[in-house]
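Here is a short report on a protein model.

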Amino acid sequence: MDESSSLKVIAVRAIETADGARTLWSDDDRAWASRAAAEVVGADAAPESFVERRAALVVDKLGARQPALLRTLRALRWRPWVGGAIVAIAFALGVFLDQVARAQQINILAPPVLGLLAWNLAVYVVMVTRYIVRYGDDTTDGPLRRAVAFVAGGSARPRRIGGAAMRDALSAFVADWAQRSAPLYGSRAARILHFAAATLSAGVIAGLYLRGLGLEYRASWQSTFLEAPTVHAIVAFAYAPGSLLIGIPVPDVDAVAAIRAPAGAIAALWIHLMAATVAVIVLAPRLLLALLAGMVERHRAARLPLPLAEPYFQRLLRGFSGGPSRVRVIPFSYTPSADALAGLESIVARTFGGSAAMIVSAPVAYGDEFAVAHDATTATGSALVALFNSSATPEREVQGAFLQALAASNGGVNVLVALIDEGSWSARWRNEPSRITDRRAAWQRLGEQARVPVVFADLSAPDLAGIEQSFDRAMANDAG
């Protein structure tokens with residue numbers, strides 16, 4: 001999925017996940033978005049296409065109600081002009097660097113040319129060392145890359161938002177996007193910085209020749225501690241790449257000694273050596289690195305990974321790929337009340353979508369767990385929920401055997417979850433929370449023994465947001 005679509009998908013995911021109370025985006029809104037997206041892309045479309053189209057519909061509709069969403073999306077989009085501005089500034093800085101003294105003399109030992117060469121060589125050493133130390137993984141960004149990424153994208157902060165729900169949702173979105181897009185932004189920042197380093201060196205070369213066209217500059221050097229042989233060794237080593245490139249030898253020791261200040265010589269030869277060396281050591285490698293970073297950037301921008309295995313996306317895709325979810329509930333030695341059934345319906349609608357079809361089987365009697373469990377799983381469905389009352393003491397030979405029988409024969413079921421109605425038990429022991437905790441632990445151990453995820457709920461007054469998260473975790477573990 002490309003960057004623009006991924007940005008919208010992550011935004012919608014953050015909002016729909018954080019909005020547990022459904023104050024921003026109702027269940028009806030969510031069901032509408034899924035139906036509309038499925039109709040647009042068609043039943044044979046790839047899951048990514050459905051998720052992408054659904055996110056676009058949500059952004060259009062919810063953005064009209066919540067302008068803060070659109071502002072945040074705009075703030076998080078990459079700003080290409082920032083990269084162009086950085087490159088232009090780098091070139092101008094290279095042109096106007098004070099590389100020539102007021103006396104119209106070029107010091108062959110002084111920055112910026114030698115400083116520019118030393119800096120870039122140090123950068124190359126750091127890059128290679130970090131690449132080797134990290135076994136080929138060069139994804140950690142330095143301060144310059146982080147600064148460029150912050151300015152050119154990813155620096156949004158939710159502001160001027162009316163409600164806390166939207167502020168929390170957008171804060172989660174910004175944090176999630178910053179984490180998921182970090183590799184892409186790192187490659188972009190690397191491309192910009194490599195290109196800026198190349199244009200800086202090009203500016204230095206251009207400045208040398210522009211000044212040399214209109215004025216006569218003389219090459220010289222001065223030092224308190226260095227003598228001509230040492231200076232010759234330094235410049236011979238520093239400008240050797242340029243000498244090899246253009247075929248002009250570095251002047252010998254006598255020639256170097258002859259231009260010691262206050263003496264000097266026409267600087268044309270030294271300018272040619274400096275320019276050629278900068279081109280070899282800085283300009284060409286940096287352009288190549290910028291090209292490679294740009295290729296990585298294009299690849300990452302076109303293929304941002306979408307975590308379709310996460311419970312949120314799995315819940316969306318169940319309705320798209322298999323039609324409305326079918327949830328079969330089998331109570332064990334327990335007849336749920338009317339209030340419990342109403343709560344169960346709201347849980348199913350919240351967890352599996354408003355169009356989910358719930359079928360409640362007749363309660364399984366104590367002792368009939370094996371035959372009824374096999375019969376109950378002959379029909380295929382999206383999910384199978386074994387319903388228990390927390391007041392019953394969980395026993396491995398009874399409830400555990402029932403869960404194991406369901407798990408062993410659920411060939412047509414995608415998800416199997418044990419739902420524990422702890423309403424009456426919690427009301428009975430409200431003043432002794434340790435009893436509630438101990439009973440939960442007992443049911444949890446039973447589920448682990450049967451390898452069936454367990455979800456706890458008070459069906460008479462369900463906490464839909466918390467139960468939804470519990471179901472998501474349970475189904476993720478069940479799928480794993």
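## Basis

Helices (H or I, at least four residues) and strands (E, at least two) are DSSP runs, numbered from the N terminus. This is a predicted model: local features need pLDDT of at least 70, side-chain atom pairs count only at pLDDT 80 or more, and totals for chains, interfaces and linings use all residues. Residues are numbered from 1 along each chain as its sequence is written, and side-chain values use heavy atoms, with hydrogens and water left out.

## Phe195 in helix 9

Phe195 sits in helix 9. Phe195 counts as partly exposed because its relative accessibility is 38%.

Contact means heavy atoms within 4.5 Å. Beyond its neighbours within four places in sequence, Phe195 contacts Val87, Leu287 and Ala290. Phe195 and Arg286 are 91 residues apart in sequence, yet their C-alpha atoms are 6.4 Å apart.

## The buried side of helix 4

Helix 4 spans residues 67-76, and its buried residues are Ala68, Leu69, Thr72, Leu73 and Leu76. They lie on the same side of helix 4 because they cover an arc of only 140° around the axis. The arc is that of the directions from the helix axis to the C-beta atoms. An α-helix has 3.6 residues a turn, so residues three or four places apart point the same way.

What covers these buried residues? The cover includes helix 1 (3-18), helix 3 (47-65), helix 8 (164-180) and helix 9 (182-214).

## Nonpolar cores

A nonpolar core is a set of buried Ala, Val, Leu, Ile, Met, Phe, Trp, Tyr and Cys residues joined through side-chain atoms within 4.5 Å. The largest has 44 residues, of which Val51, Leu69, Phe173 and Trp177 touch the most other members. At least two residues of this core come from each of helix 1, helix 2 (27-41), helix 3, helix 4, helix 8, helix 9 and helix 14 (311-322). Another core, of 32 residues, lies apart from it; among its members are Ala219, Leu273, Ala275 and Val278.

## Helix 8 against helix 9

The axes of helix 8 and helix 9 come within 5 Å and cross at roughly 60°. That makes helix 8 oblique to helix 9. Axes are lines fitted to C-alpha atoms, for helices over the stretch in contact, and angles run from 0 to 180 degrees between N-to-C directions. Angles under 35 degrees count as roughly parallel, over 145 as roughly antiparallel, 65 to 115 as roughly perpendicular and the rest as oblique.

Trp177, Ala178, Gln179 and Arg180 of helix 8 meet Ala182, Pro183 and Tyr185 of helix 9.

## Backbone details

The Ala261 to Pro262 peptide bond is cis, with omega near 15°. Pro262 is in the loop between helix 12 (253-258) and strand 3 (265-266).

Ser333 is not a glycine, yet its phi is positive, near 50°. Ser333 lies in the loop between strand 4 (326-331) and helix 15 (338-352). Arg451, also not a glycine, has a positive phi of about 60°. Arg451 is in the loop between helix 19 (433-450) and strand 8 (454-457). Its relative accessible area is 74%, so Arg451 is exposed.

Notes. Buried means under 20% relative accessible area, exposed over 50%, partly exposed in between (1.4 Å probe, protein chains only).
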